[in-house]
Structures are given as C-alpha cells and as structure tokens.
Amino acid sequence: MQEPFTTPLFSPADEQAMRLALDQAHNAWLVGEVPVGAVIMRAGQVIATGYNRPITTHDPTAHAEIVALRHAATLLENYRLPECELFVTLEPCAMCAMALMHARFKRVVFAATDPKTGVAGSVIDLFGQPQLNHHTRVERGLMADAAGQLLRDFFAERREAARARRAERQGLLPTGEATHLDDLP
Ligand SMILES: [Zn+2]
C-alpha cells in the first residue's frame, strides 16, 4: 500500500532536466556565484537555461530562475509561458516565485529546500495561495541531496578561503612586502 505523503514520482525526463540544472549550478560556482541552476522545458525540449549571477552582472534580480525565464520569454516572444516547466536546484525565493506565477508556468520542480528564503513551503508557501496562483504546480525533492551537497561544499570552500585571508591579515602567514610609492604630482 502507498503511504499518503510520499515525494512525487519523477520521470527519467525530469531527472535529466534536473541534471542539466545541476550543471548550470556548477557554472555559477565557476564564476564565484552561489551555485544555483535552472532549466526550462517545454514539451520535452530544453528551451532555456540559467545560473545564478547577481554579483557578476551587478544585478540583484539575476537569480537562476529569472535568467532562464528571460531567455525563454525572449525566445518564445511571449511574456506568458503556460506550457513551460522550470527545474531549479534550490527552492525559489519570493521574487522568483512571483515571476514564475506571473508567467503562468505549468510546473516548477526544485531540488533542495531553502529554510532562509524558500517560499514553496519553507518560509511561507506562495505557490499554495489560491489568491495568487491558479496555474503553477510545485514539486520538490528531485536530486535534493546532490543540489544540497553542492551548496554545502561551496560555502565550506568560501569559509576556508575567508579563514586563510584572516590568517594572512593577522600575519600568521608570510606575505610579500610593498615597496614605497611616491605620490604622483
Ligand atoms: Zn530567486
């Protein structure tokens, strides 16, 4: 007998899409951004990808979902994407959730939950508000371990780099010397 509350059954196509989203998250890490990636599918086809890059682009809205969403809407020449499904490695924030609802997405699948800013059930459930959302179905937990581990590894590496910088500032590590520079006229 099936238990009443199980994670949804994901298809091999879903897994393939999330694997692509994880590749995108790796790209974010390579440019020094928090590793979150997104992929937009329509009728079994990848139509857009995106990764988190607010620091690189000086754009606080450049979350993976928004980057992919802009590519998809431009490609389809439509501000509404009712046949599209988005796969993202981290639970969406309020900004991304509302953008996806404005675009009338059919389905959103995310991997890891975000207890700090996730609004698909963690902090609040915006997608579950019937006043806001009549369109977007949300499913969670696909490849959550891999996506969560990627984020943990990233933050561990960043903490380690910060520790090394602190040690260097405190003179615990030998550093080079600066030579004197005359004031320019
Ligand atoms: Zn977001």
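Which residues of the largest nonpolar core touch the most other members? Of its 46 residues, they are Met18, Ala21, Ala68, Leu86, Phe87 and Val88. Such a core is a set of buried Ala, Val, Leu, Ile, Met, Phe, Trp, Tyr and Cys residues joined through C-beta atoms within 7 Å. Elements giving two or more residues to this core include α1, α3, β3 and α5 (144–169). Helices (H or I, at least four residues) and strands (E, at least two) are DSSP runs, numbered from the N terminus.

Two notes on the model. It is predicted: local features need pLDDT of at least 70, side-chain atom pairs count only at pLDDT 80 or more, and totals for chains, interfaces and linings use all residues. Residues are numbered from 1 along each chain as its sequence is written.

Now to Glu65. An unreviewed UniProt entry places the feature "active site" there; UniProt positions follow the numbering used here, feature names are shortened, and annotations may be inferred rather than shown by experiment. Glu65 sits in helix α3, residues 64–76. Glu65 is buried because 28 other C-beta atoms lie within 10 Å. The cut-offs are 20 or more for buried, 12 or fewer for exposed, and partly exposed in between, with C-beta atoms placed from the backbone.

Beyond four places in sequence, Glu65 touches Leu86 and Val88, among others. Contact means C-beta atoms, placed from the backbone, within 7 Å. Leu86 in turn is in contact with residues including Glu65, Ala68 and Phe105.

Back to α3: its buried residues, among them Glu65 and Ala68, pack against α1, β1, β2, β3 and α4. Just after α3, Glu77 takes a positive phi of about 50°.

Technical notes. Two residues are in contact if their C-beta atoms, placed from the backbone, lie within 7 Å.
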